[in-house]
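Here is a short briefing to read alongside the model. Please take a look at the structure first, and then we can go through a few spots together.

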Amino acid sequence: MGRDRGGRDRAGRDRGGRDRGAATLALLSFAMLIVSLDQYIVVVALPDIARDLGYSAQTLQSVISAYAVTSAGFLLFGGRAADLLGRRRVLAAGLGLYAAAARAGGLATGPGTLLAARAVQGLGGALVFPTTLALVNTTFAEGRRRNRALGIWGGAGAAGLVIGVLAGGLLTQAFGWQAVFLVNVALAGPALLLTFVVIAPDGPRGSGRSFDLPGALSVTVGVTLIVFAMVEGPRLGWLSPGFLGSAAAGLLLLTAFALIERRSPDPLVPPRLLANPHLVTGVVIAFMFMATFGSVLYFLSLYFQEVLGYDALRTGAGFLIPTAVVVAGSATAGRLVTRFGLRATLSAALAVGALGAVALGFAVTPDGSYAALVPGLVALSVGDGIVFTAMFITAATAVPDRDQGTASGIASTGSGMGAAVGLAVLVLIATAGLDGLSGERLRAATADGISTALFVVAGGIALTFLTALTRCPTARGPTPAPVPYQARRC
């Protein structure tokens, strides 16, 4: 068994015994839940936020996009920082930023203050997400133990996406929209304190390793600009100067990043990682996952409120069933991967998820009911939970401990960009033809647009299925480092 810099063995035991590994996993899973929860906790509260702070229909989406843009842009930065500066330090910094920004958001009295708070929250999340994943991967040995740990971690993360909508409805109904921000202070504050108790201190920085500041700046700003362009494209217009300028500048910066990396003595993204077929496949699946599965929550919340007429509390309650199924699927995923391999697990879960999206597409009608949604919700949530965990198991396979933070940053950047691109495209599809409509005609057209978006989601999941089936490396494929057979098997 190898040991990390804190002296723990990678099976999850340290000098203090088995309990340290369990406590570490519990804290990392809790931190992951906090970050995931905030991606959608504000969705149900948006109408109240618009009324109190004066957002227009055109600018309200920025409450979500401010978080998404900064989070996606800084994920790779956060993962690399964890490798070089120390994972406990970066986790603590991320949780501290998160708590402070959440407090500022809850006390905001104008749209500018709220958007700034959401942006800083996204930065905090970008530090926490890849760092928790890297700590799980370096605490538990690759194979059965890590798969089980990632199942628990992934269950917390996947559940957080759905619980966010549920909690948002309950908190908004009971205490007002401010509560969806202030609750994060109550969650992130204790997690920050426990970080110094549970996570072993970071050792000294490794010699001969640098941060590659030009590479970090170019990729961070480049990704941020591209995500901004995709998120704001439907509002600005796809041919507007704002969209075209942001997209072009982002592409130029990413091109500059590639050139900088080729000349850097210690590149931000080491070539050995890009040669790892597991990581590349995991990133592709993570992108497609968030572009499809990750966008459904937004449209379901819209359907509940705008078509079925649910209030915030009923909308939140509508996510109880998918929450339970997602948690169960994610927690089971690690065992399924260990027993059946990555290819079989991912392919089966994606097939079930695609069928669920098709069923939801047919069930979403102007005169539909919640009961009609349940079969599709269950099937989609099964796929959601399993794929969320399995894609990160894939991305971590055969990655050395010293690069786990960077690999986690790459995978989570893929998921963040997928969320932005997927939601932008699907919103465009769902809202086509709504201009000029009102009343019953608007309600019916909204349902039809959401239904169409869900069928597109099903098509995207089918493409992801083909990716898993054809791109997931087999045991005979090349691997950059020796790993146990059960971990390499697809």
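Which residues is threonine 446 in contact with, leaving aside its neighbours within four places in sequence? They are Glu306, Val307 and Leu434, where contact means heavy atoms within 4.5 Å. This is a predicted model, in which local features need pLDDT of at least 70, side-chain atom pairs count only at pLDDT 80 or more, and totals for chains, interfaces and linings use all residues. Residues are numbered from 1 along each chain as its sequence is written, and side-chain values use heavy atoms, with hydrogens and water left out.

**Threonine 446**
- Threonine 446 sits in helix 17 (residues 439-471); helices are DSSP runs of H or I, at least four residues, numbered from the N terminus.
- Threonine 446 is buried, at 10% relative accessibility; buried means under 20% relative accessible area with a 1.4 Å probe, protein chains only.
- Its side chain reaches the backbone oxygen of leucine 442 at 2.8 Å.

**The nonpolar core**
- The largest nonpolar core has 130 residues; such a core is a set of buried Ala, Val, Leu, Ile, Met, Phe, Trp, Tyr and Cys residues joined through side-chain atoms within 4.5 Å.
- Helix 11 (residues 277-307) gives the most to this core, with 15 residues.
- Phe299 is among the residues with the most contacts inside the core.
- Leaving aside neighbours within four places in sequence, the contacts of phenylalanine 299 include Leu423, Val427 and Ile450.

**Alanine 398**
- Alanine 398 is found in the loop between helix 15 (370-396) and helix 16 (404-431).
- Most residues other than glycine have a negative phi.
- The phi of alanine 398, though, is positive, near 65°.
- Alanine 398 is buried, with a relative accessible area of 5%.

Notes
Helices (H or I, at least four residues) and strands (E, at least two) are DSSP runs, numbered from the N terminus. Buried means under 20% relative accessible area, exposed over 50%, partly exposed in between (1.4 Å probe, protein chains only). A polar contact is a pair of N or O atoms within 3.5 Å; within protein, one must be able to donate a hydrogen and the other to accept it, and residues adjacent in sequence count only if both atoms are side-chain atoms.
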